[in-house]
Amino acid sequence: MAIRNIVYVPEPVLRKKAHKITTFDKDLNELIEDMIETLRAAPGVGLAAPQVGISQQLIVIEYAENEEQKPKLYVVINPDITKPSEEKEIGVEACLSIPGIAGEVDRHLSLTVKGLNRFGKPIKIKASGWLARIFQHEIDHLEGVLFTDRATRVWRPSPEEMAEIPD
Ligand code: NI
């Protein structure tokens, strides 16, 4: 396993539509393990493959609903959002590829994510609140969309404020 380099704006790979994954082999598994390690080292709550320079439809998320809970790891390949709630909520986001910037983004409150696991088996995840927000942020990366595109307000928070914002 290895920590990969995170790429930053304006790196062109962040603006490309990522390719669907069709081969579930050793190389993919290595990429997944590397992305998990990179996410933990950052540290962050979500990472999409284009953020390590790989234009493929793969996201990893590690997030705990609350402090008592152990963080849960999600690895989703070729993810698709279904059943987005009509109800939306504004929340503050940041991104490992856009250091030092925060923004307010309106996101669906709940949704279902369909995709494949690392073995190519179909999976379905129901998410709401912050987890739903993280999925929307990471899946946007696979379309070349950044949170600053959707933000109604962006600013440079103080380091203390930044530490409070999951990215
Ligand atoms: Ni991001």
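Which residues line the largest cavity? The structure is a predicted model, in which local features need pLDDT of at least 70 and side-chain atom pairs count only at pLDDT 80 or more, while totals for chains, interfaces and linings use all residues. Residues are numbered from 1 along each chain as its sequence is written, and side-chain values use heavy atoms, with hydrogens and water left out.

The lining of the largest cavity consists of Val45, Glu93, Ala94, Trp130, Arg133, Ile134, His137, Glu138, Pro166 and Asp167. On a 1 Å grid over the protein atoms alone, a cavity is a set of points where a 1.4 Å probe fits but cannot get out; a pocket is an open set with protein on both sides within 12 Å along at least five of seven lines; lining residues have an atom within 4 Å of a point. Strand 4 and helix 2 are the elements that give two or more residues to this lining, and helix 2 gives the most, with 5 residues. Helices (H or I, at least four residues) and strands (E, at least two) are DSSP runs, numbered from the N terminus. The volume of the largest cavity is about 70 Å³, taken as the space filled by probe spheres set on the grid points, which are joined across faces, edges and corners.

His137 also takes part in the metal site. The nickel ion is coordinated by Cys95 (SG), His137 (NE2) and His141 (NE2), at 2.1 to 2.2 Å. Donors are N, O and S atoms within 2.8 Å of the metal (3.2 Å for Na, K and Ca), and sites may look incomplete because water is not among the atoms. Cys95 lies in strand 4 (residues 88-95) and His137 in helix 2 (residues 129-142), 42 residues apart, so that the pair links distant parts of the chain. Cys95 counts as buried at 3% relative accessibility, and His137 is buried as well, with a relative accessible area of 7%; buried means under 20% relative accessible area, exposed over 50%, and partly exposed in between (1.4 Å probe, protein chains only).

Strand 4 leads on to the sheet. Here 3 strands form an open sheet in the order 4-5-8, with antiparallel pairing; two strands pair if DSSP finds at least two bridges between them. Strand 4 and strand 8 (153-155) stand at the edges, each with a single partner strand, so one side of each has no neighbour in the sheet. Strand 5 (residues 98-108) is joined to strand 8 by 3 bridges, and Gly103 stands opposite Val154 in strand 8.
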